[in-house]
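Q: I have a structure open and have not looked at it before. Can we go through a few parts of it?

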Amino acid sequence: MRLVLLGPPGSGKGTQATRLTTQLGIPHVSTGDLLRAQVKAGTELGRKAKEVMESGQLMPDDIVLGMLEERLEQDDARPGFILDGFPRNLTQAGELDQLLHRIGQPLDAVVKLDVSDETIVGRCKVRYDEQGRDDDNPETVRKRLAVYAEHTAPVAGHYREKGLLTEVDGVGELEEVAARITRALPGDAVASHS
Ligand code: AMP
């Protein structure tokens, strides 16, 4: 099962992806997590990523794509993956199509979590207080939402045209949202792992 989770920052993609990893037995691939690992390791890429992330902007496409390609080549991603945080714009969506076409593994589904901006600002504030992620401070969250509206929201249209997109209400109890996502997945993919 090759799945993309779409949705604004703080819409619950990471939480739901972690759940789906257990349910489906495939890895959660988050470009944000890959970048945060570089920041933690203190690499040159990490230093650049820290600056960009704190500004609420996006990293250059070629850097993120290179990182993603390397991750998807790992053995555990062979049976499938849950992508979270990628693609972030139409260029990345096109690159992902090409990459998956090249390796003969097209996407099975794209699920978008719908959550209002106000709910997001509130959720990120809680995450900021609990986890201290610099880019969750309310001012940066507003910037990230603006970047999302301009660059990432059109990606939903890209997948809608391909007939891959399902939109799911991302507000509710964790289990409730998880059940909505499961219903949005192609039936045989879920049945074969349950
Ligand atoms: P996330 O954890 O997905 O919210 O990502 C945190 C930050 O990492 C974003 O605000 C961007 O600065 C950067 N980032 C993550 N994924 C991408 C991507 N696919 N393209 C560009 N920048 C990204």
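Q: Which residues are buried in α4?
A: In α4, the buried residues are Val64, Leu65, Met67, Leu68, Arg71 and Leu72. Buried means under 20% relative accessible area, exposed over 50%, and partly exposed in between, with a 1.4 Å probe and protein chains only. Helices (H or I, at least four residues) and strands (E, at least two) are DSSP runs, numbered from the N terminus.

Q: And how are those buried residues arranged around the axis of α4?
A: They fall within an arc of 165 degrees seen down the axis, so they line one face of the helix. The arc is that of the directions from the helix axis to the C-beta atoms.

Q: What do they pack against?
A: The buried residues of α4 pack against β2 (28-30), α2 (31-41), α3 (44-55), β3 (81-84) and α5 (90-102). Contact here means heavy atoms within 4.5 Å.

Q: What is on the face of α4 turned away from that?
A: Asp62 and Glu70, which are exposed.

Q: Before I go on, where does the model come from?
A: This is a predicted model, where local features need pLDDT of at least 70, side-chain atom pairs count only at pLDDT 80 or more, and totals for chains, interfaces and linings use all residues. Residues are numbered from 1 along each chain as its sequence is written, and side-chain values use heavy atoms, with hydrogens and water left out.

Q: Fine. Now α6: which of its residues are buried?
A: Ile120, Val121 and Cys124. They cover an arc of only 100 degrees around the axis, which puts them on the same side of α6.

Q: What covers them?
A: The cover includes α7 (138-161). Among the residues listed where the two helices meet are Ile120, Val121 and Cys124 in α6, and Val141 and Leu145 in α7.

Q: At what angle do α6 and α7 cross?
A: Their axes cross at roughly 140 degrees and come within 10 Å. Axes are lines fitted to C-alpha atoms, for helices over the stretch in contact, and angles run from 0 to 180 degrees between N-to-C directions. α6 and α7 are therefore oblique to each other; under 35 degrees counts as roughly parallel, over 145 as roughly antiparallel, 65 to 115 as roughly perpendicular and the rest as oblique.

Q: What does Ser11 contact, leaving aside neighbours within four places in sequence?
A: Ser11 is in contact with Leu113, Val115, Ile120, Arg123 and Gly170.
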